[in-house]
Each structure stands twice: as structure tokens, then as C-alpha cells.
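User: I'm new to this one. Could you pick a single part and walk me through it closely, then show me how it sits in the whole?

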Amino acid sequence: MKPQQSRYWLNHKRAEDPEPFDTDVQTICELYQQAPHLHDHGVHIVSTDEKTGIQANARAHPTRPRKPGLVERVECAYIRHGTQTLIANFEVATGQVLAPSVGPTRTEEDFVSHVEGTIGCDPAAAWIFVVDRLNTHQSESLVRFVAHQCGIHAELGVKGNSGILESMPTRAAFLQDPTHRIRFVYTPKHSSWLNQVEIWCSILVRRLLKWASFTSVTELRQRLLAFIEYFNKTMAKPFKWTYMGRPLAA
């Protein structure tokens with residue numbers, strides 16, 4: 001026994017209600033499998049998420065390059081210049097990162113503006129956004145935006161009171177409607193590993209953020225966008241997704 005050792009562990013939400021969890025997982029995995037075919041028929045499937053609190057830190061002293069017999073030495077002290085939030089879309093069929101948004105916040109308005117900019121890449125196409133269950137992904141503003149874009153003129157109700165806008169579950173049900181040209185598919189709680197953009201974010205951290213030094217939030221923003229442009233030109237390809245979920249009971 002080694003009582004000094006421990007690991008973090010999270011009781012998975014599947015244990016609480018396995019059938020809805022398995023259904024959600026299978027829906028997302030099937031969309032990933034169908035993405036190339038749907039893309040050929042004008043449907044964009046994008047995995048979308050925010051990476052918050054990206055720090056514009058400048059190393060207090062320059063990095064000392066490696067030399068024969070000496071490893072590279074990176075100054076551990078740094079100067080803070082603020083943070084930025086990246087909202088990114090990873091297109092499942094192509095591996096491209098579409099219409100990234102970089103700014104100081106991730107508010108409800110920020111997310112709606114991001115979705116609007118994303119759809120602007122191909123305004124007449126159908127769009128499916130794979131997202132987590134953050135409240136800004138199930139907001140009143142997003143419902144109103146989707147209703148307007150899809151030409152839906154039905155009464156939406158009143159937030160907190162009635163109709164489609166009443167609560168997050170009612171808004172999510174509207175946003176998930178498969179008959180809409182623009183719709184959202186939600187990952188189960190604590191299942192960020194299902195969202196392919198998370199894999200891409202790990203590439204961003206390893207390739208750009210881990211050892212970088214930024215003199216301002218402006219430089220951070222410019223280098224984030226430059227990295228995405230470089231990634232799309234030289235590295236972008238679909239991820240090989242093999243997980244297809246647990247078989248559902250007959």
C-alpha cells in the first residue's frame with residue numbers, strides 16, 4: 001500500500017441515468033461518422049467550445065537557448081498582461097477551424113455573435129453545432145437568433161414564465177429540433193472528451209501556448225489567429241474517431 005498516493009476521480013453521470021446518457025453519446029458518435037457524407041450534401045457539423053482565461057503572460061527575462069551540454073532554460077517568472085477567450089469551431093469532416101472568435105469575455109451575446117459569424121461562412125447551408133451544456137449555449141438570445149435565421153414565426157413565450165423560452169430545458173429542446181436548418185447537439189454533463197474541438201485545443205496548447213511569451217492581449221490575439229491560419233493551411237485533417245458508444249439495449 002502507498003497511502004501517500006492518490007488520484008482525482010469523478011463519478012460518471014452515466015451511473016445516475018444510463019439510458020439518456022447512452023442515447024446522447026450515440027447521437028454524437030453517429031454524427032461524427034456521418035459528417036463526410038453530410039458535408040458533401042451541404043451540412044456542416046462543427047464541434048464548438050470556448051477556451052477561457054488564455055493568459056497574455058510575458059516572461060520576465062528572455063529564454064536562454066539550448067547549447068551543447070545545456071538544455072533550454074525558460075524563465076519561470078512572468079508579467080501578466082490580461083486574458084482572452086477563444087471560441088473555436090472544429091469542422092468534423094474537414095479538420096478546419098472555422099470562424100474563430102477571440103475577445104475578453106464569453107457572454108451570451110459573445111456566443112450568439114460567434115454563431116452568427118460561423119454561419120456567415122456558408123449562409124444557405126445547414127449547420128449542426130456540437131456543444132456542451134453551458135447556459136450560454138441554451139440562452140434566450142440564441143433561441144431568438146435561430147428562430148429568425150430559420151424563419152420560425154411562432155410565439156416563443158417569456159423567459160422564466162412560459163413557452164419555448166421558459167427554461168433551459170425548453171430552450172434546449174427547441175435548439176435541438178432536427179427539423180431546423182441550424183441546430184445544436186449537446187454532450188452529456190462531464191463528457192467534454194466527446195467534443196472533438198477539445199482535442200484541437202490540446203494541439204493549440206502544445207504548439208503555441210505552453211512556452212509562449214506575449215507582451216499584450218493584442219499580441220496574444222494576433223498569434224492565436226495566425227496559428228489557426230497556419231494550422232488550416234498545413235495541419236488540418238479530420239480526426240479518426242473510433243468510439244461509437246455503448247450498444248443500446250434492444
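Analyst: Let's start with a term: a contact here means heavy atoms within 4.5 Å. With that in hand, take Gly 95, which is in contact with Phe 90, Phe 231, Asn 232, Ala 236, Lys 237 and Pro 238, leaving aside neighbours within four places in sequence. Before going on, a word on the source: this is a predicted model, where local features need pLDDT of at least 70 and side-chain atom pairs count only at pLDDT 80 or more, while totals for chains, interfaces and linings use all residues. Residues are numbered from 1 along each chain as its sequence is written, and side-chain values use heavy atoms, with hydrogens and water left out.

So where is Gly 95? You'll find Gly 95 in the loop between S2 and strand S3 (97–103); strands are DSSP runs of E, at least two residues, and helices are runs of H or I, at least four, numbered from the N terminus. Gly 95 counts as buried because its relative accessibility is 0%, buried being under 20% relative accessible area, exposed over 50%, and partly exposed in between (1.4 Å probe, protein chains only).

Now step back to Glu 91, in strand S2 (residues 78–91). Glu 91 is buried but has no salt bridge, and Arg 181, the nearest side chain of opposite charge, is 13 Å away. Here Lys and Arg count as positive and Asp and Glu as negative, with His and the chain ends not counted; a salt bridge is a side-chain nitrogen of Lys or Arg within 4 Å of a carboxyl oxygen of Asp or Glu. Not counting residues up to four places away in sequence, Glu 91 touches His 39, His 44, Ile 45, Val 46, Gln 96 and Leu 98.

Of its 250 residues, 36% are buried. Among contacts between residues at least 6 apart in sequence, 70% join residues at least 24 apart. The C-alpha atoms fill a box of roughly 70 × 50 × 40 Å, taken along the principal axes.
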